[in-house]
Amino acid sequence: MLICQICKKKQATIHLTDIHNNVKKEVHMCEGCASEKGFSLQSAADIPQLLGLASKKKVASPQAVEEDIVCPVCGQRWSDFNSRGRLGCPNDYQAFEPRLRKLVESQLSSWHPGEVSLHSGKVPPGAPPDLSRQLTRIHNLERELRQAVEMEHFEEAARLKSEISRLKVV
Amino acid sequence: MDISLPFDPAAAWLAGGGPDAAIAVTSRVRLARNLANHNFPTHPDQSDRSSVLSDVRNAFQSLPDGDGYTWCEIDRQSNLERHLLLESHLISRELADGTGPRALAFNPAKSISVMVNEEDHLRMQALCSGLRLKDAFASVDQLDNAIASRLAFAYSPLFGYLTSCPTNVGTGLRASVMLHLPALVMTSHIEKVFRAIYEMHMAVRGFYGEGTEAMGDFYQISNQITCGRSENDILADMEASIKAIISYENRAREELLERERPRLEDVIWRSWGILEYARQITSEEAMRHLSNLRLGVVTKILDSLTLESIQRLLLLCQPAHLQQIEGHNLESDERDIARATFLRGSLSLTR
């Protein structure tokens with residue numbers, strides 16, 4: 001039996017559910033408390049407000065409301081992006097970095113689980129080199145070098161060694 | 001450099017040909033790029049659009065003369081002209097029906113086209129016939145390099161090329177292949193193929209790209225994910241999956257020819273009959289029957305037509321092209337009559 005969340009005594013017979021920003025909230029009340037809050041089955045009460053009242057007392061969840069962020073360059077808000085699905089300017093990627101990173105990573109992980117690098121394609125001229133890719137490349141070359149030494153392929157090993165030291169300078 | 005439309009619709013890809021041309025009508029690769037330090041075209045404040053447009057225009061004007069790009073300001077074109085460009089696959093519906101300063105640049109063969117101020121500042125695409133994703137990428141990649149040496153693109157080492165919608169971020173590369181799959185439809189295997197396509201993280205789009213409908217058993221298949229892998233890896237994956245779909249369609253065609261030849265011939269010749277005798281026909285019905293004629297040509301049931309002529313008829317019987325042929329605007333029911341007359345005339349010529 002569910003107990004009324006407001007008086008915490010009587011049986012809850014009225015159950016409200018509100019889904020906002022993918023966060024589901026539920027309130028269970030007895031008839032007495034419901035009518036005291038101005039809710040009856042006929043009158044359409046403001047359910048979120050009612051839930052707001054209840055959440056102050058008990059349901060408060062840590063992830064209930066995501067804080068909004070504004071891009072200092074173009075003025076676009078994270079909430080604008082959420083409703084329109086489009087960003088305002090290139091700087092949004094910096095302003096909303098952790099959230100966009102999570103979003104893009106989730107697209108990627110459904111495709112290639114375990115993929116580390118978000119970008120591993122073409123780079124425009126003059127752009128800073130992608131360090132994470134550079135490190136992965138060095139790591140792979142070092143493994144090849146160990147194998148070459150084990151197999152006594154010394155010419156190959158010498159080539160790999162100079163390639164690694166060239167990359168490390170960059 | 002500016003054009004005054006109407007222009008000749010002849011584009012290199014219309015000639016057909018290329019690997020697997022019996023099934024793969026066209027291959028297209030597009031790159032999404034944005035200029036650094038400018039709002040995306042989708043920002044509510046539209047004041048950056050004009051300066052982006054003139055920067056891009058200057059970059060195109062400074063390309064070597066031999067490239068011969070034509071520059072066309074879309075907001076100065078009539079509704080009919082914009083739809084001619086849309087039907088020729090040079091621009092998207094979004095650019096055709098959008099608002100504000102926006103433009104198109106295309107090369108003489110109409111194999112490369114660049115939309116300016118669509119969802120991103122630049123959408124550069126290369127289009128060719130047959131299954132030739134790598135060739136398409138090579139030509140658009142070359143243009144990308146030329147423009148990148150003249151304009152600074154928005155890029156971050158973490159995310160790659162920055163785009164207005166994060167679903168394009170990374171390489172900004174969308175590869176699409178237009179496949180003609182009538183035998184998979186006739187043998188009721190198409191749903192199975194669609195499911196496999198989604199599982200391979202590809203999407204099925206309509207005849208004029210995202211948000212448009214499929215017509216006449218033509219389906220546009222494209223990659224969904226643009227980041228995390230290099231351009232060449234994305235294209236190699238796509239090509240392998242597309243080849244698998246092509247082999248299913250080929251198998252279905254062989255099966256129909258072996259076991260149900262009378263049914264196949266009946267479908268094709270009935271379509272011929274309708275196109276040769278109808279007095280009014282909608283664009284959708286015409287495409288359905290032309291699609292059957294295309295199947296007739298590649299299965300050698302019809303020998304008086306070529307793939308190129310079918311491709312041309314498919315383009316010319318679209319509403320805007322039809323009105324251009326007639327020389328004036330036509331209402332929908334007038335178009336249906338004009339389309340039937342045009343198709344009747346074209347088919348009787350081939351007899």
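How many disulfides does a search of the whole structure find over all chains? The search finds zero, a disulfide being a pair of cysteine sulfur atoms within 2.5 Å.

1. Basis of the note. This is a predicted model, in which local features need pLDDT of at least 70 and side-chain atom pairs count only at pLDDT 80 or more, whereas totals for chains, interfaces and linings use all residues. Residues are numbered from 1 along each chain as its sequence is written, chains are lettered from A and ligands numbered from 1 in the order in which they are written, and side-chain values use heavy atoms, with hydrogens and water left out.

2. Cysteines. Cys128(B) is buried at a relative accessible area of 11%, and Cys317(B) is buried as well, at 0%. Here buried means under 20% relative accessible area, exposed over 50%, and partly exposed in between (1.4 Å probe, protein chains only).

3. Strand β4(B). Five of the five residues in this strand, 112–116, are buried; helices (H or I, at least four residues) and strands (E, at least two) are DSSP runs numbered from the N terminus. In a regular strand the side chains alternate between the two faces of the sheet. In β4(B), Ile112(B), Val114(B) and Val116(B) point one way, while Ser113(B) and Met115(B) point the other way.

4. Partners of β4(B). Strands pair if DSSP finds at least two bridges between them. Strand β3(B), residues 103–106, runs antiparallel to β4(B) and is joined to it by four bridges; Ala103(B) has Val116(B) as its bridge partner. Five bridges join β4(B) to β5(B), residues 122–129, again in antiparallel orientation, with Val114(B) opposite Met124(B).

5. Hairpin turns. Five residues lie between β3(B) and β4(B) in their hairpin, where Lys110(B) in the turn has a positive phi of about 55°. The hairpin of β4(B) and β5(B) also has five residues between its strands, and Asn117(B) takes a positive phi near 65° there.

6. Helix α2(B). Seven of the nine residues of this helix, 79–87, are buried. They are Glu81(B), Arg82(B), His83(B), Leu84(B), Leu85(B), Leu86(B) and Glu87(B). These buried residues pack against β2 (70–73), α3 (93–97), β3, α10 and α11 of chain B. Just after α2(B), His89(B) has a positive phi of about 60°.

7. Helices α11(B) and α12(B). Two packed helices are described by the angle between their axes and the distance between the axes. For α11(B), residues 319–326, and α12(B), residues 332–350, the angle is about 75° and the axes are 10 Å apart. Axes are lines fitted to C-alpha atoms, for helices over the stretch in contact, and angles run from 0 to 180 degrees between N-to-C directions. The two helices are therefore roughly perpendicular, a term for angles of 65 to 115 degrees. Contact (heavy atoms within 4.5 Å) is made by Pro319(B), Leu322(B), Gln323(B), Ile325(B) and Glu326(B) of α11(B) with Arg335(B), Ala338(B), Arg339(B) and Phe342(B) of α12(B). By class, this contact has five nonpolar, one polar and three charged residues, where Ala, Val, Leu, Ile, Met, Phe, Trp, Tyr, Cys and Pro count as nonpolar, Asp, Glu, Lys and Arg as charged, and the others, Gly among them, as polar.

8. Positive phi in loops. Asn37(B), in the loop between β1 (24–33) and α1 (48–61) of chain B, has a phi near 60° and is exposed at 77% relative accessible area. Lys300(B) lies in the loop between α9 (283–298) and α10 (307–316) of chain B; its phi is positive, about 65°, although it is not a glycine, and it is exposed at 69%.

Definitions and conventions:
Parallel < 35°, antiparallel > 145°, perpendicular 65-115°, else oblique.
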